[in-house]
Amino acid sequence: MAQQIPFSIVENVLYSLGSSVVQKMGSMYGVRNEMEKLEETLGTLNAVLLDAEDQLEKSHAVKDWVKRLKRVVYAVDDLLDDFATYQLRRGGPARKVSHFFSCSSSNQVAFRFHMSGRVDDIKVALDDIKKDIFLLNAIPRNTIHPPGYNNSRRETHSSPSLSTSNLDLRNAEIKRTVNLLVSPDNDQDVFIVAIVGIGGLGKTTLAQLVFNDERVTKHFEPKIWVCVSDDDSGEGFGANALLRKITKSKNDASLDDLKNELHRQISQKKYLLVLDDVWNKRREDWEKVRPLLEVGSKGSKILVTTRNTEVSFMGNNTRSFELKGLGEEESWKLFSKITFGGHEHTVSEEIKKVGKEIVNMCNGVPLIINTLGGILMQFQSDLSKWESIRDNENLLSLPHGNDNVLRVLKLSYDNLPIHLKQCFTYCVLFPQDYEIEKKLLVQLWIAQGYIQSPNRNEQLEEIGDRYFEELVSRSLLKKVEEDSFNDRLICKMHDLIHDLAQSIVGFEVLILRNDVSNISRETRHISSLFKDVTPMMKAIMEKKAMVGKPIRSFLNLYPIFLEDTTILNSFLSSIMCLRVLSLNDLNIKKVPKCLGKLSHLRYLDLSYNKFVILPNSISRLKNLQTLKLHECRRLKKFPKNMGELINLRHLEDDDCYGLTHMPHGMGKLTSLRTLSSFVVGNGIGNHKVGSLSELESLDQLRGSP
C-alpha cells in the first residue's frame, strides 16, 4: 500500500518556521537556533520530495523513508501549533509576543523546558532521516511553491459533467432501458432489469438518465433510488439495511416498523426501485427482501446496476444486458468535448493525432476517457506531455484487459498540482457514494491546513472553492446536486476514484465499520459508520487503539443514540491532536468540558444534539474556525467568553430555538464569515447580553443559507 507525501503540511511547516512570529517565539523560549536548524533540515528534505514520490511504488526503502518523514513532519506541525496556541491563551494573537516578558511564571519555565525537549527530539529524528537521503538517488527539485502558486502553462476551461457528456452518447442504451421498464409486455409482479458492466462504463450515469426520463416519471409513482454499495460487508443488501434505505427510516427502527413503512409507501402502487451498485450475490439475502417488494401493483420494476454478471440469483423475471464501452467515434467525441471544450479547431494536428491514439487505448471506458481528458486539458499545447501519457505502460496494457484501470486512473493523481493532492485523498474519509457538501469539504480542508492564502485579499474559502472546481474539472469529484439560491452544492466521488484515493493513502485515512483493530500507527483521519458508537468507543479505550496515535480527524457519519455519554470524556482524552471533530446526532445531553483541552481543534460539529448549554471551556479553543450547532433546539446559551474564539470563521446556529440571547463580546469575532442567526435578548442594559451594535465590527460576514 502506498504512502502519501504530506506536501501541504510540509508547506505550512516551512512557512511557519520562516516567519518572524515563530522566530521571535523561538527567541522567547530559548530555542531559536534549534528552530532555524529544523527549517534548514526540512528545507533540504523538501527539495527531494518529488523524487521520493516518483519512487514510492518501486522501493520499499523509499516507502519506509517517507513513513518516517511523515511522522516527524506532523510532529513539527503539532509543536508549532502548541507554541502559537500557548501564546494565544496568554493574551492574544501569536504576533503579540511582548506579553511573554511581562508574565513570567513557573508555568512558563515548565512549558519552555517541555518544548525545548520536544524540539531536540524532532531535530534528532530529522537528522536521521536526512542521513538516508542517499536511498533516493535524488536530484533536488523545487517541490513546494508558495501559497497561491499558479502554473503559467496551465490552460483550463470548464468541462462538462460525465452525465451531460453521456446524454448524447448513450441514447440507444437509454431508449432500450426505458422500453424494458415501461413496456406492458413486462408487467409481471416484479420485473427486474439489470445493467451489467465493468467499473467506469457509466452504469450509474445511465441509470440516472433513465430514472429522470420523462416517460419513466409519468409511468411510475413513486420512484425510489437506493445505493447499495455503502457497506462492503454485504449488509447493505440485508433486509434491515435495504429497507431502511428504501423507506429513509431512522436507524433505530425495528424490522417490523420498516416492513410497515415499506408497505405504506409502495402497496398497490406502480413503483420503480433503483438498486445502484449491487455487489452481494447471496440468494438467501435477496429472498428475504423480494417478498416484501411484491406488494406493489403489477408493472412495478426494479432497475439494478452491478459489476456482477451472475444476476440470475434475483429470479426468473430478471432481464440483464451488458453495457459495452463507447465506440471509437463516440469516445473521441467525449474526449474532445472535455479536453478542448468545443475548440478542437484551435488544436494542432500533432496533438490531435496523439490524442486519438490515447483515446483508442481507453477501451471505450468513459471514466478513463473523462479522467485523461481532465489531465490533458491543462496541457493543450505541450506535445511532450501528451506523448508521455500515451506511452505510459499501464495505458499501453489496458486494451489487453481492464485490470490496470486503477493504475491508469492514477495518472490523474500523479498529474495533480501538489496543493490538490491531500485535498483529493482526504475525501475518502467519506464512504463510497456518500453525498458530500462542498462547503463542508472546504471547511475540513482549511481545518487540516491544506489551504493557505498567499495574501490577505483572498479568503481561504475562495481558494478552497477553486480547489474544488479543479478537482471537478479533472473528474476526481462529480457534482450531483446544486442549489444556487441556498448556496448549496453536493458532490460524490466515483467508486473507482474512491478506490484509487484509498490505495494512495492506505491506513492514513480509515473508515471504522465494525472493528477498531485496524487503527494503525499511521492512521491520522477516522470516520465512523458504527451502528452503535458506545461499544466502538469502549473498544477503543479497552484496546488503547488510539493511544500514541496522533489522530487529526474524527467524524461520526452514522446518526445513533449514544446511551453512555460519560464515555465521551475518556474517548476524547485519547485523541488530543484533533483538528476536526464531528459528534453530530449522538443524543448528547451534556457537552464534555474536556473539549476545551483539544487545543488544536479547528472544526467542531455538535449539531442535532440535546444539550442545554455549551460549557465555558469551549472558549479555550483559540484555533477553532468552524462551530456547527444545527438544530440544537434545547440549547439556551453560549459560553459567556464566546468572544475569545478569535479565529472563528463560521458559527452555524440555525434552528436553535431555545437560544435566549447572544453573549456580550460577539463583536470580537472579527474573522467571522458565517453567522446563521443572531438572537437579540431582552436584557436591555445587561452587560452580559450582546446587542445588535456588535455586528458592526463583523465586516467579514457573508450571510448564511
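**Close-ups of a predicted model**

**View 1. H14 and H16 cross in the right-handed sense.** Right-handed here means the near helix is turned clockwise from the far one by less than a right angle. This is a predicted model, where local features need pLDDT of at least 70, side-chain atom pairs count only at pLDDT 80 or more, and totals for chains, interfaces and linings use all residues. Residues are numbered from 1 along each chain as its sequence is written, and side-chain values use heavy atoms, leaving out hydrogens and water. Helices H14 (residues 328-340) and H16 (residues 366-376) pack at about 30 degrees, axes 8 Å apart. (Axes are lines fitted to C-alpha atoms, for helices over the stretch in contact; angles run from 0 to 180 degrees between N-to-C directions. Helices are DSSP runs of H or I, at least four residues, and strands are E runs of at least two, numbered from the N terminus.)

**View 2. H22 (residues 460-473) is mostly covered, with 10 of its 14 residues buried.** Buried means under 20% relative accessible area (1.4 Å probe, protein chains only). Among the buried ones are Tyr467 and Phe468. H22's buried residues pack against H16 and strand S7 (478-483), among others; contact is heavy atoms within 4.5 Å. Just past the helix, Ser475 has a positive phi of about 65 degrees.

**View 3. Five strands make an open parallel sheet, ordered S2-S3-S4-S1-S5.** Strands pair if DSSP finds at least two bridges between them. S2 (223-227) and S5 (318-322) sit at the edges with a single partner strand each, so one side of each has no neighbour in the sheet. The twist averages 15 degrees from one strand to the next.

Key
Expected span 1.5 Å × (residues − 1). Buried < 20%, exposed > 50% of the residue type's maximum accessible area, 1.4 Å probe, protein only.
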